[in-house]
Amino acid sequence: MPPLDDLLVAPLDDLLAEARRLRRGRLVTYSPKVFIPLTTLCRDVCGYCTFARPPRRGERAYLTEEEVLAIARAGAAAGCREALFTLGDKPELRYALARRELRALGCETTLEYLARCAKLVLEETGLLPHLNPGVLTREELELLRPVSASMGIMLETTADRLGERGGPHWASPDKVPARRLETIRLAGELAIPFTSGILIGIGETREERIDALLALRALGEEHGHVQEVIVQNFRAKPGTRMASHPEPPLEEHLWTIAVARILLGPDWHVQAPPNLAYDDFPRLLDAGIDDWGGVSPVTIDHVNPEAPWPEVARLAEATRSRGLELAPRLALYPEFVADLERWVDPAVAPSVRRASDASGLARDDAWAPGEPGAVPFLVRRDAAPLHLSGDELGEDEVTRLLEARGGEAQRVFAAADRLRRETCGDEVTYVVTRNIQYTNVCYFRCGFCAFSKGKLAASLRGSPYLVPLEEIGRRAQEAWERGATEVCLQGGIHPAFTGDYYADVVRAVKEAAPGIHVHAFSALEIWQGAATLGLGLEEYLSRLRDLGLGSLPGTAAEVLDDDVRRIICPDKVTTEQWLAVHDAAHRVGLRSNVTLMFGHADTPRSWARHLLRARELARRTGGFTEFVPLPFVPMEAPMYLQGRARRGPTFRETLLVHAVGRLALHPWIQNVQASWVKLGPEGVREALAVGVNDLGGTLMNESISRSAGAAFGQELSPEAMEGLIRSAGRVPRQRTTLYGEPPEERVRASFGAPPLAEPVSLPVKDAGLVAPPRLVRPGLAASLPS
């Protein structure tokens, strides 16, 4: 940081250039918000303010709860994420009307009523309250923390002289700088994400602005809670004591923003309100801001009603004009979303998760996997592909691509689709298969699973069942008669299952349909089966291979990052155990695929780690047939219902995982599959434009995604599959599990297949299975009790 005296005399252009250099990344954020003016009464009389005004005959002192909710619901319907509560400081200390209304509302203080209204908005609309109630004590902050995502108070200045008679803060006891700094300090001690800033042009000097910025920096460095610093310019308003006070010129505003960025550095968020710069607002970017603040499609800026917010489209255009990208955020920034246990009350955290994307920003669409409805945007077929160096992509670069937005995301899609065309041509493959889930009883406790009927999931829909071995064989034979070349077998892990059970399943299928390919058993089933028999992985897999096992699905991979696995599946196989199972399978001649189940408690960096770990094994063994992204279907998933997961990935994130998978895994994994069950027909068409060349299986039966709430059916017939592929301008081709050509008689038999017979399952209580006294458990939770 340059000496402070240098900042005062340096040429403006030099300061602006340095501020731009320090601004980190290409994203500029804004908060889609709704403005809720709970009361315009205030005990202070700032010389520039038109928001606060004394009571008027016939007007209420406070918005009613119904009025508050009506504003919030309008904001939620318009796509807002933040409910900004603005109000005067403690009006009940000055106005009898405020005291009378508060008594009628059953409250003693304005802050008590604010807490009630914020809680109501949070629970009824999901909007995240951001509270600006003025100077607060520790007890008052503790009252408001459980009903808000963040709070704020503008420091404005550290110059006490501005509170003297005739100054802008005269007769305003809550504008004493020391009191405001104390509020900010207390918020830090209580781990409250906090907004503050300075107001320029009200009579302060440049040195005093620097002093205020340094005071904010000191508090932020001590507690880590100051999430943004606003540099706001004074605007004179008719009817105020400062109506004739000169406004600061734009150059003075730019100087102050640049100095704020230089003093605070690249890790801080610096904001300037675009509406107060009028048509010059794009120039604020030249001074190093990385946030536009709150912008409402519903309500005016009640503090500056003369200055309407620019439309989001204008903000986006201005941001792109500087080579930057606009992105919506929440009332708290991604750094705080990444550590909710520290920064947000448990009552608020579920709403934050449901509103956020994988980067901790606001979801940029309302799409969710498995839900019917239109996709939120279309892939541009004319975008120029992003240029990538010939070097293999590393973790940082893969992460950056997975976080791409706007035009950059479209270029990532184009690059992936070009690579797909070069590698696979225009064919889109699929396999005629039948899914058989042999039980929904499982002693593992995956937080994302709505299929399992373990002790902790008894309330979820469906009854515990077991498919008898004879019925498994019958279903396999029926699938063969309908043209299938594959059966895919997976299920829960019943406490009584041993490795012998999985061997019996393979034997039953091959006896009933000798020609069918058995694609079966996740890494968890293989690991558990081997462990119960005391066998090594290679020995056990060889035994299953010799019985007729043909390949392994890549399920149970979830996210190959143990930091994520500890949250979503702590008692499942670890990353290293999953990789060890597939490494062993490849060594004994069994191929497999690799899945990625994403959009819950993970991040783009964990997706990148997953891809690179899969790539390393693929490079070593050559045993993976395809990469299968599986967007998390949230609707009935326990961890989503409990508020511990996001609402699945956004559509942009979903397409990026497919696209970046294509780019990062090349040339070691050449096929990228899209799940029609999770994406639906419209989503599949767009996925086919971002590097996808395979649509998986026709399924015949599908229970796992439907248990989680997916609505796209149990079977996509070959006729429907090929129609979908052709509708995307591509060429359909049936394949075998290992991407060979199925015999012509298989293809013929798959078209016009008869309806399935009614499947048979036993209530699990009638199966006579007995669990051992101690259950085997893999690495992360090996010490957990059974």
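Six strands make up an open sheet in the order β11-β13-β14-β15-β16-β17, with parallel pairing. Strands here, like helices, are DSSP runs numbered from the N terminus (E, at least two residues, for strands; H or I, at least four, for helices), and two strands pair if DSSP finds at least two bridges between them. At the edges are β11 (433–437) and β17 (624–631), each of which pairs on one side only. Neighbouring strands of this sheet are turned by 25° against each other on average, direction ignored. Angles run from 0 to 180 degrees between N-to-C directions, and axes are lines fitted to C-alpha atoms, for helices over the stretch in contact.

A word on what you are looking at: this is a predicted model, in which local features need pLDDT of at least 70 and side-chain atom pairs count only at pLDDT 80 or more, while totals for chains, interfaces and linings use all residues. Residues are numbered from 1 along each chain as its sequence is written, and side-chain values use heavy atoms, with hydrogens and water left out.

**Inside the sheets**

Glu486 has His517 in β14 as its bridge partner. Helix α16 (residues 469–481) packs on this sheet, touching β11 and β13, and its direction makes about 165° with that of β11. Contact means heavy atoms within 4.5 Å.

There is also an open sheet of 3 strands, in the order β18-β10-β19 and again with parallel pairing. Its edges are β18 (694–697) and β19 (731–734); each has a single partner strand, so one side of each is left without a neighbour in the sheet. Here neighbouring strands are turned by 20° against each other on average, direction ignored. Strand β10 (residues 427–431) runs parallel to β18 and is joined to that strand by 2 bridges. Look for Val431, whose bridge partner in β18 is Gly697.

**Helix pairs**

Two packed helices are described by the angle between their axes and the distance between the axes.

| Helix pair | Axes come within | Crossing angle |
|---|---|---|
| α2 (residues 12–22) and α9 | 9 Å | roughly 45° |
| α14 (residues 395–402) and α24 (residues 651–665) | 9 Å | roughly 145° |

In the α14 and α24 pair, Val398, Leu401 and Leu402 of α14 meet Arg652, Leu656, Val657, Val660 and Ala664 of α24. These contact residues divide into 7 nonpolar, no polar and 1 charged. Ala, Val, Leu, Ile, Met, Phe, Trp, Tyr, Cys and Pro count as nonpolar, Asp, Glu, Lys and Arg as charged, and the others, Gly among them, as polar.

On the α2 side of the other pair, Leu12, Leu15, Leu16, Glu18, Ala19 and Leu22 meet Glu251, Leu254, Trp255, Ala258, Val259, Arg261 and Ile262 in α9. That contact divides into 10 nonpolar, no polar and 3 charged residues.

**Two buried spots**

Phe234 lies in the loop between β6 (226–233) and α9 (250–264). With a relative accessible area of 2%, Phe234 is buried (under 20%; exposed is over 50%, partly exposed in between, with a 1.4 Å probe and protein chains only). The C-alpha atoms of Phe234 and His245, 11 residues apart along the chain, are separated by 9.4 Å.

In helix α19 (residues 537–547), the buried residues are Tyr540, Leu541, Ser542 and Leu544. They pack against α17 (499–512), α18 (523–533), β15 (549–552) and α21 (575–587). After α19 comes Gly548, with a positive phi near 130°.
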